[in-house]
Amino acid sequence: MALPFTKVEGLGNDFLVVDLRPGRPAATTGGPSPEDPEVVRALCDRRFGVGGDGVLAILPSKTGDARMRVLNADGSEAEMCGNGIRCVAKLLYETD
């Protein structure tokens, strides 16, 4: 199943950004969730997947336009990612 994403790079880190806000193509695919640790590991695998340092999920927010969830390449969740937030902010600025 296809999963719409954008691959971005920030200061040497590369990420797969998936916009999961309602009405966005990635939110309506009906396939495996890009927030599932097993799916994250498969996507970030540099030999058999797309390859990346992690997945940045753009999610709806109750207090702002969007929020970000950072999933490391091993499927664990990070509390913060400076390079990741810069990449997501730039992507949101350019596409919204």
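What percentage of the 96 residues in the protein chain do buried residues make up? I find 38%, where buried means under 20% relative accessible area, exposed over 50%, and partly exposed in between (1.4 Å probe, protein chains only).

**Entry 1. Basis.** I note that this is a predicted model, in which local features need pLDDT of at least 70, side-chain atom pairs count only at pLDDT 80 or more, and totals for chains, interfaces and linings use all residues. Residues are numbered from 1 along each chain as its sequence is written, and side-chain values use heavy atoms, with hydrogens and water left out.

**Entry 2. Overall fold.** I looked up the secondary structure of the protein chain and found two helices and five strands; these are DSSP runs numbered from the N terminus (helices H or I, at least four residues; strands E, at least two). From the N terminus on, the order of the elements is β-β-α-β-β-β-α. The radius of gyration of the protein chain is 12 Å, close to the 12 Å from the globule rule for 96 residues, so the chain is as compact as a globular protein of that length. This radius is taken over C-alpha atoms, and the rule is 2.2 Å times the number of residues to the power 0.38. The C-alpha trace spans about 35 × 30 × 20 Å along its principal axes. Of the contacts between residues at least 6 apart in sequence, 51% join residues at least 24 apart; contact means heavy atoms within 4.5 Å.

Entry 3. I followed the five strands and found an open sheet in the order 1-2-3-4-5, with mixed pairing; two strands pair if DSSP finds at least two bridges between them. Strand 1 and strand 5 (77-78) stand at the edges with a single partner strand each, so one side of each has no neighbour in the sheet. Strand 1 and strand 2 run antiparallel and are joined by five bridges. Val8 has Phe15 in strand 2 as its bridge partner. Helix 1 (residues 37-44) packs on the sheet and touches strand 2, strand 3 and strand 4, its direction making about 125° with that of strand 3. For such angles, axes are lines fitted to C-alpha atoms, for helices over the stretch in contact, and the range is 0 to 180 degrees between N-to-C directions.

**Entry 4. Leu43.** I located Leu43 in helix 1. Leu43 is buried because its relative accessible area is 18%. Not counting residues up to four places away in sequence, Leu43 touches Leu3, Leu16, Gly49, Val50, Gly51 and Val55.

**Entry 5. Helix 2.** I checked the length of helix 2 (residues 82-95): its 14 residues should span 20 Å at 1.5 Å a residue, and its end C-alpha atoms are 20 Å apart, which agrees. The expected span is 1.5 Å times one less than the number of residues. Which residues of helix 2 are buried? They are Asn83, Gly84, Cys87, Val88, Leu91 and Leu92. These residues cover an arc of only 165° around the axis, which puts them on the same side of helix 2; the arc is that of the directions from the helix axis to the C-beta atoms. Their cover includes strand 1 (6-10), strand 2 (13-19), strand 3 (54-59) and strand 4 (67-72).

**Entry 6. Asn83 and Leu11.** I find that Asn83 counts as buried because its relative accessibility is 16%. Apart from neighbours within four places in sequence, Asn83 is in contact with Gly10, Leu11, Asn13 and Phe15. Leu11 is in the loop between strand 1 and strand 2. Leu11 is exposed, at 69% relative accessible area. Its phi is near 50°, a positive value in a residue other than glycine.
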